[in-house]
Amino acid sequence: MTIFETTINSITDLDKEAMEKAKQRQDILIKPLGSLGKLEDITIRLAGIYGEYLFDTSKKAVIAFAADHGVYEEGVAPHPQEITRIQIPNFVKGITGVGALARFAGADIYGVDVGIKYDKELEGVTNRKIRQGTSNMAKGPAMSREEAIKSIEIGIEETSKLIDAGYKVIGIGEMGIANTTPTSAIISVMGSYEPIEVTGIGAGLNSEGVIKKAKVIENAINLNKPDINDPIDVLSKVGGFEIGAMVGAILCCSSRKIPVVLDGFISYSSAILAIKLNPKSKEYMIPSHFSAEPASNKAFSLLGLEPMLQMDMRLGEGSGAALCFNIIEAANFAYNNMSTFEEAGFSV
Ligand SMILES: O=C(O)c1ccc[n+]([C@@H]2O[C@H](COP(=O)([O-])O)[C@@H](O)[C@H]2O)c1
Ligand SMILES: Cc1cc2nc[nH]c2cc1C
């Protein structure tokens, strides 16, 4: 079996016994039952993921995958393509949005080049380049089926290294000028939405630009005819290398019982594909925030998940995941450090 098949086949259900024990502990802490709301839910879910009712969430990392997109040449993005290669080393230096937010949360950040349009090594970035950007999906498939599986396998392998190194919480991020175009295409296909319903400004298009972008997406879908029942077909025809790598990161975390914190709009498309590959992977996902891209509500209804925060963020990079690390840690700290009624001398 390939690493792709082994990973998909080794995802199991959450540990119900550990979840029950976590719920019992939450219920004896000095507070009205359920009053910490989602903070309680997070700890119960983490117990189910780790398979133990007490756990350490302090070692955290964001893994960000970067790639370029052939569809950029259709004029679907407002910024120069070079920003992909300029920005990803800055993630690792800690000076971008995700870099700063990860540092604030005490998390490490890793960058992986899965397909940047550049022929040199990038400082501090792991080189797993498949090729220098996808093909233009407006003219044919973005990548081959083999490349789509390869992108997922790179995500699995690079995430696995972090889990081997002891990371207990993994956030996923990305960098790829034009990547909201494949993202909207995937959400359009997987949710049977009209492209215009799921297309937004990305990093800052004007309203004419959005209409043109939706048209490019519509044409690409009509030309390539991705099969809604085959997530690899969808990824290969209208996806991106970093989107595939995030699918791999999600599947890897799920198979190795590590929570995977989703980020913004682009990560939603990876999560949708991962769930289609194995619905159990959803249990391991912690959605962080609700991206300001207009199709976020549609993406979340496809995912069947509810984000923790609505901050009007649309940066990507893994910034929302890094921000939510603070909430996860706060939830776990309260769960570990609050007194029980009995310890505090209450008799109820
Ligand atoms: O995470 C989000 O919700 C999000 C929404 C819009 C844009 N982005 C970021 O902006 C880039 C893609 O935007 P665009 O307009 O070039 O397709 C890419 O590098 C993403 O990280 C991210
Ligand atoms: C500067 C810049 C930073 C980004 N980070 C993620 N997408 C981005 C797009 C731009 C343009």
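**Figure 1. Helix 7 against helix 12.** In this predicted model, the axes of helix 7 and helix 12 (residues 296-303) come within 11 Å and cross at roughly 50°. Axes are lines fitted to C-alpha atoms, for helices over the stretch in contact, and angles run from 0 to 180 degrees between N-to-C directions. Helix 7 is therefore oblique to helix 12. Angles under 35 degrees count as roughly parallel, over 145 as roughly antiparallel, 65 to 115 as roughly perpendicular and the rest as oblique. The crossing is left-handed. A left-handed crossing has the near helix turned anticlockwise from the far one by less than a right angle; clockwise makes it right-handed. Helix 7 brings Ile187, Met190 and Gly191, and helix 12 answers with Lys298, Ala299 and Leu302. Contact here requires C-beta atoms, placed from the backbone, within 7 Å. By class, this contact has four nonpolar, one polar and one charged residues. Ala, Val, Leu, Ile, Met, Phe, Trp, Tyr, Cys and Pro count as nonpolar, Asp, Glu, Lys and Arg as charged, and the others, Gly among them, as polar. Helices (H or I, at least four residues) and strands (E, at least two) are DSSP runs, numbered from the N terminus.

Residues are numbered from 1 along each chain as its sequence is written, chains are lettered from A and ligands numbered from 1 in the order in which they are written. Because the model is predicted, local features need pLDDT of at least 70 and side-chain atom pairs count only at pLDDT 80 or more, while totals for chains, interfaces and linings use all residues.

**Figure 2. Helix 7 against helix 8.** Helix 7 also packs on helix 8 (residues 207-224), at an angle of about 55° and with the axes 10 Å apart. The two helices are therefore oblique to each other. Helix 7 passes helix 8 in a right-handed crossing. From helix 7 come Thr181, Ser184, Ala185, Ser188 and Val189; from helix 8, Lys213, Val216, Ile217, Ala220 and Ile221. Six of these contact residues are nonpolar, three polar and one charged.

**Figure 3. Helix 6 against helix 10.** The axes of helix 6 (residues 145-164) and helix 10 (residues 241-255) come within 6 Å and cross at roughly 50°. That makes helix 6 oblique to helix 10. The crossing is right-handed. The contact has 12 nonpolar, six polar and one charged residues.

Figure 4. Six strands line up in the order 3-2-1-4-5-6, with parallel pairing. Strands pair if DSSP finds at least two bridges between them. Strand 3 (125-127) and strand 6 (285-286) stand at the edges with a single partner strand each, so one side of each lacks a neighbour in the sheet. Three bridges join strand 3 to strand 2 (residues 108-115). Asp113 stands opposite Asn127 in strand 3.

**Figure 5. The shell around ligand 1.** Of the 23 residues around ligand 1, Gly202, Gly264, Phe265, Ser291 and Gly316 come nearest. A residue is near a molecule or strand if its C-beta atom, placed from the backbone, lies within 6 Å of it. Strand 4 (169-175), helix 7 (180-191) and helix 11 (265-277) each supply at least two shell residues. The shell divides into nine nonpolar, nine polar and five charged residues.

**Figure 6. The shell around ligand 2.** His79, Ile83, Gln87, Met175, Ala203, Leu315, Gly316 and Glu317 surround ligand 2. Four are nonpolar, three polar and one charged.

Notes: Two residues are in contact if their C-beta atoms, placed from the backbone, lie within 7 Å.
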